[in-house]
Amino acid sequence: FAEIKELDAAVIIGSPPCGPFSVVQFLNDLSSEKMQAKILEAKAHLSFCCDMYDWQHKRGKLFLHEHSWSASSWKEPCMTKLLGLEGVEVRRGDQCHFGYQVREADGTSALVFKPTGWCSNAPEILEEVGVRCSNIGCPKDKWHDHACILNGRCSNAERYPIALINA
């Protein structure tokens, strides 16, 4: 934390590991020692991020937090405390809007829906990243398809599309 404080960054961006907080993980045996260790490590990482965000907020600087929209992390005590701070908001953005794609077995590329939660004290940033899929409110004949990222394809979801980075 000392190194981060020394940088005096105007914006801090964080994204803890998704796996241990993923709804898909609840299909696994969560009682195993290995899984419990992963969950504890992920909770410690999330707590560290929330401490940084809180510090950043208290000094009038900005933060941006990203995690899967359905992740259980949003209900962790450190996150609910953060969400209670004045000026802190959560928005949902769908990564297909930013061109997030995976390669299909036939070699073609397909968009991935990937609903993502964004938490920040910077409404201007949330406006840029909190954009929903264009299928919403659009006639079905105008919809684009979404690829499935289960069965070992989730790890690719940890990379951001260039358009999202540029947002």
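What follows goes from the overall layout down to single side chains.

First, the basis. This is a predicted model, in which local features need pLDDT of at least 70 and side-chain atom pairs count only at pLDDT 80 or more, while totals for chains, interfaces and linings use all residues. Residues are numbered from 1 along each chain as its sequence is written, and side-chain values use heavy atoms, with hydrogens and water left out.

The overall layout. The protein has five helices and six strands; these are DSSP runs, helices being H or I of at least four residues and strands E of at least two, numbered from the N terminus. Along the sequence the pattern reads α-β-α-β-α-β-β-β-β-α-α. Of the 167 residues, 34% are buried, where buried means under 20% relative accessible area, exposed over 50%, and partly exposed in between, with a 1.4 Å probe and protein chains only. The accessible surface comes to about 9900 Å², and carbon and sulfur atoms hold 55% of that; areas come from the Shrake-Rupley method with a 1.4 Å probe, and for residues only the protein chains shown count as cover. Now contacts, meaning heavy atoms within 4.5 Å. Taking those between residues at least 6 apart in sequence, 70% join residues at least 24 apart.

Next, the core. The largest nonpolar core has 16 residues, and those with the most contacts inside it are Tyr53, Phe63, Met79, Leu82 and Cys119. By nonpolar core I mean a set of buried Ala, Val, Leu, Ile, Met, Phe, Trp, Tyr and Cys residues joined through side-chain atoms within 4.5 Å. Helix H2 (33–58) and helix H3 (77–83) are the elements that give two or more residues to this core, and H2 gives the most, with seven. Beyond its neighbours within four places in sequence, Met79 touches Leu46, Cys50, His65, Ser73, Trp74 and Cys119.

On to the sheet. Four strands form an open sheet with mixed pairing, in the order S1-S2-S6-S3; two strands pair if DSSP finds at least two bridges between them. Strand S1 (11–14) and strand S3 (89–94) are at the edges with a single partner strand each, so one side of each has no neighbour in the sheet. From one strand to the next the twist averages 20°. S2 and strand S6 (residues 115–120) run antiparallel and are joined by five bridges; Leu64 stands opposite Ser120 in S6. H2 packs on the sheet, touching S1 and S2, and its direction makes about 155° with that of S2. Axes are lines fitted to C-alpha atoms, for helices over the stretch in contact, and angles run from 0 to 180 degrees between N-to-C directions.

Now two residues. Which polar partner does the side chain of His67 have among side chains? The partner is the side chain of Ser73, at 2.5 Å; a polar contact is a pair of N or O atoms within 3.5 Å, and within protein one must be able to donate a hydrogen and the other to accept it, with residues adjacent in sequence counting only if both atoms are side-chain atoms. The His67 side chain also reaches the backbone oxygen of Pro16 at 3.1 Å. His67 lies in strand S2 (residues 62–68) and is buried, at 0% relative accessible area.

Phe48, in helix H2, is partly exposed at 34% relative accessibility.
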